[in-house]
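The following report describes selected features of one protein chain. The sequence and the model are shown first.

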Amino acid sequence: QVQLVESGGGLVQAGGSLRLSCAASGSILSISGMGWYRQAPGKQRELVASITSGGSTNLADSVKGRFTISRDNAKNTVYLQMNSLKPEDTAVYYCKAHIRGRGSYFSQDYWGQGIQVTVSS
């Protein structure tokens, strides 16, 4: 079994910062891509940032210059550092990882349970 557990969300004032963490655990052979998505009320889930196993990153235009994604492969953990937060960043943030489990011949996507980030104006 593989699990992704997010932490670090909460309520912050506009202009503030938060750091999200997502740790993968369980019977893991390897992890390739990891990323963060978010879903605001009444909107579709959107990609915020992604990172490859080699460290190449991709950020949505709306967060470039404010958010940074990183990962610690030894800890199977991905981070999202969010600075200069805006009210429009308010959403439930989800972690996703492409994982090959031990004993599996293929990789598949796993999702975290989601964590609320609220930015007040």
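## The pair Asp-109 and Lys-96

Asp-109 forms a salt bridge with Lys-96, and their closest N and O atoms are 3.6 Å apart; a salt bridge is here a side-chain nitrogen of Lys or Arg within 4 Å of a carboxyl oxygen of Asp or Glu. The two partners come from distant parts of the chain, with Asp-109 in strand S10 (residues 107-111) and Lys-96 in strand S9, 13 residues apart. Strands (E, at least two residues) and helices (H or I, at least four) are DSSP runs, numbered from the N terminus.

Asp-109 is partly exposed, at 38% relative accessibility, whereas Lys-96 counts as buried at 18%. In these terms, buried means under 20% relative accessible area, exposed means over 50%, and partly exposed lies in between (1.4 Å probe, protein chains only).

## Basis of the model

The model is predicted: local features need pLDDT of at least 70, side-chain atom pairs count only at pLDDT 80 or more, and totals for chains, interfaces and linings use all residues. Residues are numbered from 1 along each chain as its sequence is written, and side-chain values use heavy atoms, with hydrogens and water left out.

## Asp-89 and its salt bridges

The structure holds five salt bridges, and two of the pairs described here share Asp-89. This residue lies in the loop between strand S8 (77-82) and strand S9 (91-101), and it is buried, with a relative accessible area of 1%. Neighbours within four places in sequence left aside, the contacts of Asp-89 (heavy atoms within 4.5 Å) are Arg-38, Arg-66, Phe-67, Ser-84, Val-117 and Val-119.

The side chain of Asp-89 meets that of Arg-38 in a salt bridge of 2.9 Å, N to O. Arg-38 belongs to strand S4 (residues 28-39), so that this pair joins distant parts of the chain, 51 residues apart; Arg-38 is itself buried, with a relative accessible area of 6%. Asp-89 also forms a salt bridge with Arg-66, at 2.7 Å from N to O. Because Arg-66 lies in the loop between strand S6 (57-59) and S7 while Asp-89 lies in the loop between S8 and S9, the pair ties together parts that are 23 residues apart in sequence. Arg-66 is buried too, with a relative accessible area of 10%. A network of salt bridges links Arg-38, Glu-46, Arg-66 and Asp-89.

## The disulfide

One disulfide is counted, the criterion being a pair of cysteine sulfur atoms within 2.5 Å. It joins Cys-22 to Cys-95, with an S to S distance of 2.1 Å. The link is left-handed, with -75° about the S-S bond. Cys-22 is in strand S3 (residues 18-26) and Cys-95 in strand S9, distant parts of the chain that are 73 residues apart. Both cysteines are buried: the relative accessible area is 0% for Cys-22, and Cys-95 is at 0% as well.

## The four-stranded sheet

Four strands form an open sheet in the order S1-S3-S8-S7, with antiparallel pairing; two strands pair if DSSP finds at least two bridges between them. Strand S1 (2-7) and strand S7 (67-72) are the edge strands, each pairing on one side only. From one strand to the next, the twist averages 15°, with axes taken as lines fitted to C-alpha atoms (for helices over the stretch in contact) and angles running from 0 to 180 degrees between N-to-C directions.

S7 and S8 run antiparallel and are joined by six bridges. Arg-71 stands opposite Val-78 in S8.
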